[in-house]
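My notes follow in the order I checked things.

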Amino acid sequence: MDYEQLLQSITPEIHANLKRAVELGKWPDGRALDTEQKALCIDAVIAYEAEHLAPQDRVGYIDKGRKAKDEQCDEPQPLILPDN
């Protein structure tokens, strides 16, 4: 099975399970994901969502909104960090 076939075999249920495993850092049976497994799960989730979901439904989507033609951006505000 090649990469494309593998991605095509991911069902919505498998996608949800992979996403949940990454969120929790463990498989449904309680075994922890190692670093490589976590990276592969993240890759699979991203690839599945790129193929099957609208951008606003994907993990990590940020709605940047739209400005009217004559609307101006807010003035930039300096970032002030507290002294530690």
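I call a residue exposed when its relative accessible area is over 50%, buried when it is under 20%, and partly exposed in between. I keep in mind that this is a predicted model.

**Entry 1: Pro28.** I started in the loop between α2 and α3, where Pro28 lies. Its relative accessible area is 72%, which is over 50%, so I logged Pro28 as exposed. I then took a distance from Pro28 to Gly65, 37 residues apart along the chain. Their C-alpha atoms are separated by 37 Å.

**Entry 2: salt bridges.** How many salt bridges does the count come to? I got two.

I looked up the pair Glu23 and Arg20 and found their side chains meeting in a salt bridge, with 3.5 Å from N to O. That falls within the 4 Å cut-off. Where do Glu23 and Arg20 lie? Both sit in helix α2, which covers residues 12-24. They are three residues apart, about one turn of the helix.

I also checked how open each partner is. Glu23 has a relative accessible area of 52%, so I noted it as exposed.

Next I turned to Asp29 and Arg31. Their side chains also meet in a salt bridge, at 2.7 Å from N to O. Are these two buried or exposed? I found Asp29 exposed, and Arg31 exposed as well.

**Entry 3: negative patch.** Which residues gather in a patch of negative charge on the surface? I listed Asp70, Glu71, Asp74 and Glu75. I followed up on one of them, Glu71. Glu71 has its place in the segment after α3, the helix of residues 35-52. Its relative accessible area is 44%. A patch residue needs over 30%, so Glu71 passes on that score. With 44% between 20% and 50%, I wrote Glu71 down as partly exposed.

**Entry 4: the core.** Last, I went to the inside. The largest nonpolar core has nine residues in all: Leu7, Ile10, Leu18, Ala21, Leu33, Cys41, Ala44, Val45 and Tyr48. Which elements give two or more residues to this core? I found α2 and α3. The largest share, four residues, comes from α3.

Key: Residues are numbered from 1 along each chain as its sequence is written. This is a predicted model: local features need pLDDT of at least 70, side-chain atom pairs count only at pLDDT 80 or more; totals for chains, interfaces and linings use all residues. Side-chain values use heavy atoms; hydrogens and water are left out. Buried means under 20% relative accessible area, exposed over 50%, partly exposed in between (1.4 Å probe, protein chains only). Patches are made of residues with over 30% relative accessible area and no salt bridge: like charges are joined within 9 Å, nonpolar side chains (Val, Leu, Ile, Met, Phe, Trp, Tyr) within 5 Å. Accessible areas come from the Shrake-Rupley method with a 1.4 Å probe; for residues, only the protein chains shown count as cover. Lys and Arg count as positive and Asp and Glu as negative; His and the chain ends are not counted. The place of a charge is taken as NZ of Lys, CZ of Arg, CG of Asp or CD of Glu. A nonpolar core is a set of buried Ala, Val, Leu, Ile, Met, Phe, Trp, Tyr and Cys residues joined through side-chain atoms within 4.5 Å.
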